[in-house]
Each structure stands twice: as C-alpha cells, then as structure tokens.
Amino acid sequence: MSKSYQTTAVIFLDIMGTKDRTTFDEKYAVHQIFHEEVKNNEARKATTPHVIHTRILRSFSDCAFILYTYKEGIQNNRKDDLNLMYIALYNTSLSIIRIVNSGFLVRGGACLGDAFIDSLGFFGPTIEDAYDLESSKTKAIYPRIILSEELGRRLYDWERSKEMDETASLLFTSIPRLILKDEDGWYYLNIFYQLEMSGSLHFGTIEYTLDATIEAVGAVILRTEQKHHGNTCIMRKMNWMRKFTANATLKTKSGISPIRTFVVGE
C-alpha cells in the first residue's frame, strides 16, 4: 500500500509555568493528565466503533501533540473536515479544563491539513505549522490556543452557520461560542465553552464547575504575578487571561436546568 499524507486536525499544546512548579507532584499532575488522555482514548475506540475519526495524543515533558484523522476506509462522502477540526477543538477544551484546575495555563496552535501518521510517529507540514503557531512570539503570545488564519475564519463562520437561533434563544442569554476572535485578529479556542453551557462537567466521579475553574485560573494568575511582578511580558499575558476569564459566564437562562455533561470513559 502506498503511503501519503492525509487530512489531519493537529493541535499542539504547551503548558505554561512549569518551570515555576518544581515539585514531583506538580510535574506528575501534568504527566498524568496527558497520559490518562491516551488511555481513555483507547477505551473510547473500543466503545464507539461508529465514530469515523481516530485520535492520537503524544506528549513529552510539558507539551503534547493531539491529532485527529479519519479511520481507514471511511468514504469521502462521510468526511467533513471542518467538523473534524471542531470535534478536535471541543475535546481539547475539555482536557484543558482539567489542566487549569490542576493549576496550569495552556498555550497552543491548531491547524488542519496534511500529516503522515504511523506506528513510529508522525510528520508533515501541518505538524510544523501547529508548532510554529504556538512557539512564535508574535502569534500565540497569551494563554490561548490560536487557529491558523484561514482555518480560524472558516470555523468561526461555520459555527455560526450551524446555529439554531430560535431554539438557542430559548435556552441561552447569549449563545456560547467555541471559536472566538481576539482584538488582535487571531481566532482562538474558548476553553470555557462547555462550562458556559452547562455550569459543570463530570469526568467519571470528578466534577469541575465553572465557578471553581474560574477560581483556579485566578489563583494561577495571582501566583504568577507575585513571582514575576517585574516582568512586563508575563504581566501582559496574565492581564489577557484575567480579562478573558472575566467574560466567562454561565449562559443558560434562569429557570432552565443546565445540561450536565459527562465525558464517556473518563
């Protein structure tokens, strides 16, 4: 069988501030989250054979690549690349909720395009592009997962085209968005998306709430500012995160029970 690139949703994550967290337990918390994701992904594969995509997660130190691609043999008429990317970003937002509740902020880059994956590893231009988005000092900058420019615009418009405004207006004071557009023009992932809809999220027996997550982020910001109060670059990042977090609110209308979301297999 000939080998070639395939369409892949690629997300590169870098956990920020790990140099300030030096104890074994703090380092292990990050390691555990990433590697539990690998284990849980394998469990989901076994229980959801109807799903047309597969997910691969590879982590090293405080970084990880998350890749979504179509399972072998899926017909072209069943493939929807923007939907694949949207699923990848949504699931990643759930993982980030766990990370921020462990006391860390995350920065990253997300791209959609060509990559090659086999049992040995992966490579390709989209892998490189996702890494470049995160690592560039003029792009990701803040604790956010940004999308490549064209992909961000397409997903931003696509998400809005899928809305059922009449139904949504009955449920929400304002419609939660997974893809947001920042003041500097970059599109980025709303990590609070699910919590803005439901107020809480369950991973097995563990519950994460919007209020507790906002409090956890605030504690990270305060700790970071106290340690780096003379560093204008870091202070700018924390100011961005404080502003972003301040806009995170439960958007379910009063009197309507929020949908409680459980993540299967976790």
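Visitor: What covers the buried residues of H3?

Guide: The cover includes strands S1 (6-16), S3 (63-70), S4 (105-118), S5 (121-123) and S6 (145-147). Helices (H or I, at least four residues) and strands (E, at least two) are DSSP runs, numbered from the N terminus, and covering goes by contact, meaning heavy atoms within 4.5 Å. The model is predicted, so local features need pLDDT of at least 70 and side-chain atom pairs count only at pLDDT 80 or more, while totals for chains, interfaces and linings use all residues. Residues are numbered from 1 along each chain as its sequence is written, and side-chain values use heavy atoms, with hydrogens and water left out.

Visitor: Okay, and which residues of H3 are buried?

Guide: In helix H3 (residues 125-135), they are Thr126, Ile127, Ala130, Leu133 and Glu134. Buried means under 20% relative accessible area (1.4 Å probe, protein chains only).

Visitor: Why are they on the same side of H3?

Guide: Because they cover an arc of only 130 degrees around the axis, taken from the directions from the helix axis to the C-beta atoms.

Visitor: New topic! How many bridges join S2 to S3?

Guide: There are 8 between strand S2 (residues 53-60) and S3. Two strands pair if DSSP finds at least two bridges between them.

Visitor: Do they run parallel or antiparallel?

Guide: S2 and S3 run antiparallel.

Visitor: What stands opposite arginine 55?

Guide: Tyrosine 68 in S3 does.

Visitor: And how many residues lie between S2 and S3?

Guide: The hairpin they form has 2 residues between the strands. In that turn, serine 61 has a positive phi of about 55 degrees.

Note on methods:
Buried means under 20% relative accessible area, exposed over 50%, partly exposed in between (1.4 Å probe, protein chains only).
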